[in-house]
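Trainee: Please take me through one part of this model closely. I would like the symmetry as the way in, then the local detail, with the cut-offs stated.

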2 protein chains.
Amino acid sequence: MPEWPESIKLLIAALMRLPGVGRRSAERMALFLVESEPEIARGLAAAIERARTAVRACERCGSLTEDSPCVFCTDPRRDDSLLCVVERPKDVLSLERSGSYRGRYHVLGGRLSPLEGVEVEDLRIQELERRLREEPVQEVILALGTDVEGEATSHYLAKRLARPGLRITRIAHGLPAGTGLEYADELTLGHALQGRREIT
Amino acid sequence: MPEWPESIKLLIAALMRLPGVGRRSAERMALFLVESEPEIARGLAAAIERARTAVRACERCGSLTEDSPCVFCTDPRRDDSLLCVVERPKDVLSLERSGSYRGRYHVLGGRLSPLEGVEVEDLRIQELERRLREEPVQEVILALGTDVEGEATSHYLAKRLARPGLRITRIAHGLPAGTGLEYADELTLGHALQGRREIT
């Protein structure tokens, strides 16, 4: 059976580990990398090395940063009384881009998932409890996913973190912006109805 | 505006140069690379470096290889009288996988494309003519793309390479295997009709 040269086969295998990349796209990428200007391939290899070396998890909130503690933890203009809990580092950026939040963050590193073997001790929950002891947090805002596992994790956290003087909320579930009722599933519509508010 | 750390931004930009990778997939890949085991990112960087260093174009046929001349040029069991001309190195592997060809190859490096600025001198045509002088080729099989530019290149080559005693053919255009007439466009059906053969 005819095959690619060994080093191209290894490159295809390495590219296939990337999310969303199957054999055909990995082959296309590998050929592009060996056929294009050497600077393009070398530049990508160097960028991977550099990012992998420079980027770490913030020791306090767990978001991705080159300097720990990160800018979200050290910015004195942010509100210390609000702590927003998210699953992944990228969620921090999504919330920041919404422009609607100026408190602190805490990245859990995932959500409880018995099927995938993610247990309580795999998430940064102890770190979260330590922050609640040490920082002047008055409200924990749970901003986890709205699938079954995200919901279960939210309920677990709400119960575990409950203490006098601490408000625990979660972000609203409902109809996404710019869409019609006909595109929403029943669960979303149920949440949207339950979460209805007076128009003022 | 909130942003990724500098080294992640650079990695996203480098990934976006890969074919078929837009901003969102580049972001997903970059996060995967900085969040997963260091060995995965380092392995990919090393595989890129290694392939870029080890792989070259075969000095004779232009296909991708680690040893030049390549295995297709040096295999003594292949038929020296047949020379198949293709656009890109990957076309060699496609033909090999069909299992229907045992001659030699010549990779042009593309096709004539005035719009993209690909001229006659950008393709490996002089190298092809040299091989026709030096090797015992009796038939040149043109296996270029069937779009307008591939067709134009085929016709240009057929005219330029014509010499006494040399047969110049092109691979058949027609209905792909396993499909019905209703899925074929008019041009393909036209080619299929023109290329009809007796059933023996």
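Mentor: Chain B superposes on chain A by a rotation of 180°, with 0.0 Å of shift along the axis and an RMSD of 0.0 Å. The interface residues of chain B are 100% shared with chain A, so the copies meet through the same surface.

Some ground rules. The model is predicted: local features need pLDDT of at least 70, side-chain atom pairs count only at pLDDT 80 or more, and totals for chains, interfaces and linings use all residues. Residues are numbered from 1 along each chain as written, chains are lettered from A and ligands numbered from 1 in written order, and side-chain values use heavy atoms, without hydrogens or water.

Now the sheet in chain B. Four strands form an open, parallel sheet in the order S4-S3-S5-S6. Helices (H or I, at least four residues) and strands (E, at least two) are DSSP runs, numbered from the N terminus. Pairing requires at least two DSSP bridges between two strands. Neighbouring strands are turned by 25° against each other on average, direction ignored.

Look at one pair. S3 (residues 79-86) of chain B runs parallel to S4(B), joined by five bridges. B:Cys84 stands opposite B:Tyr105 in S4(B). Helix H5 (residues 89-98) of chain B packs on the sheet and touches S3 and S4 of chain B. Contact means heavy atoms within 4.5 Å. The direction of H5 makes about 155° with that of S4(B). Axes are lines fitted to C-alpha atoms, for helices over the stretch in contact, and angles run from 0 to 180 degrees between N-to-C directions.

Last, one residue. B:Glu149 lies in helix H7 (residues 148-161) of chain B. Its relative accessibility is 17%, so B:Glu149 counts as buried; the cut-off is under 20% relative accessible area (1.4 Å probe, protein chains only). Leaving out residues up to four places away in sequence, B:Glu149 touches B:Arg111, B:Leu112, B:Ser113 and B:Glu116. With B:Arg111 there is also a side-chain to side-chain polar contact, at 3.4 Å. That term means a pair of N or O atoms within 3.5 Å; within protein, one must be able to donate a hydrogen and the other to accept it, and residues adjacent in sequence count only if both atoms are side-chain atoms.

Definitions and conventions: Least-squares fit on C-alpha atoms with pLDDT ≥ 70 in both. Buried < 20%, exposed > 50% of the residue type's maximum accessible area, 1.4 Å probe, protein only.
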